[in-house]
Amino acid sequence: MFTKFNQILLASGLVIGSAVMLSPATFANPTNSEGDDIGVQVPEVEILTWTATKTVGSPEELTLYTALSETVVGNVNVKSNDAAGFTVAVTSDNQGILTTGDGIAAYLQMPYTLYYGPTGSTASVTLTSGEGTAESPTALISACASSTGCDRDVAISVLQSNVDGKAHGVYSDTLTFTLTNK
């Protein structure tokens, strides 16, 4: 009933079928194995620390009729480990103007320029309506993600024309720096 050709086909089909049937036995059986996901979680860091260069009550002394060149008034230390980066915003209580007394009279106001940046390389910050962005990197800065963070100098300058004709006294402003991870 079977020809020699059919017998060969039948025998080869059995060999192929048995090879396919044996093949799953070579893999590990997931029901006989155990395990769990492993991993670590690094907590988010978002710390900003202000350090003034002068003690409270000892303002920078101006020379009469002379400009104040870019002078460091403090340091901001940023610690952030957000991979998307962070933003440091700054607000001025006096709309970016040094004032004395009630600050209403024009001669009691002294515009100044605010600078912010890594030590020795500050850049001016525009305080539009008393607030502005001091720094907004788009990615993680490894120095800021370290345990020591990264230092940013804060400096001011005053033009001679803004010093001339001013009443004596202490002119001041209050700056607030805010760190936000993106």
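Helices (H or I, at least four residues) and strands (E, at least two) are DSSP runs, numbered from the N terminus. The model described here is predicted: local features need pLDDT of at least 70, side-chain atom pairs count only at pLDDT 80 or more, and totals for chains, interfaces and linings use all residues. Residues are numbered from 1 along each chain as its sequence is written, and side-chain values use heavy atoms, with hydrogens and water left out.

The protein chain contains three helices and ten strands. Along the sequence, these elements follow the pattern α-β-β-β-β-β-β-β-β-α-β-α-β. Of the 182 residues in the protein chain, 27% are buried (under 20% relative accessible area; exposed is over 50%, and partly exposed lies in between, with a 1.4 Å probe and protein chains only).

Five strands form an open sheet in the order 1-2-9-6-7. Their pairing is antiparallel; two strands pair if DSSP finds at least two bridges between them. Strand 1 (46-52) and strand 7 (123-125) stand at the edges. Each has a single partner strand, so one side of each is left without a neighbour in the sheet. Neighbouring strands of this sheet are turned by 30 degrees against each other on average, direction ignored. The axes behind such angles are lines fitted to C-alpha atoms, for helices over the stretch in contact, and angles run from 0 to 180 degrees between N-to-C directions. Leu68 has Val158 as its bridge partner in strand 9.

Strand 2 also holds Asn77. Asn77 counts as buried because its relative accessibility is 11%. The side chain of Asn77 makes a polar contact of 2.8 Å with the side chain of Asp151. Such a contact is a pair of N or O atoms within 3.5 Å; within protein, one must be able to donate a hydrogen and the other to accept it, and residues adjacent in sequence count only if both atoms are side-chain atoms. A polar atom of the Asn77 side chain also lies 3.1 Å from the backbone oxygen of Thr148.

A second open sheet has three strands, in the order 8-3-10. Strand 8 and strand 10 are the edge strands, and each pairs on one side only. The twist averages 30 degrees from one strand to the next. Seven bridges link strand 3 (residues 86-92) with strand 10 in the antiparallel sense. Thr91 stands opposite Thr176 in strand 10. Strand 8 (residues 131-135) includes Glu135. At 12% relative accessibility, Glu135 counts as buried. The side chains of Glu135 and Tyr116 make a polar contact of 2.8 Å.

The largest pocket has a volume of about 1,100 Å³. On a 1 Å grid over the protein atoms alone, a pocket is an open set of points where a 1.4 Å probe fits, with protein on both sides within 12 Å along at least five of seven lines; lining residues have an atom within 4 Å of a point. The volume is the space filled by probe spheres set on the points. Of the 34 lining residues, Pro59, Glu60, Val170, Tyr171 and Ser172 are the closest to the centre. Strand 1, strand 2, strand 9 and strand 10 (175-181) each supply at least two residues of the lining. Strand 2 gives the most, with three.
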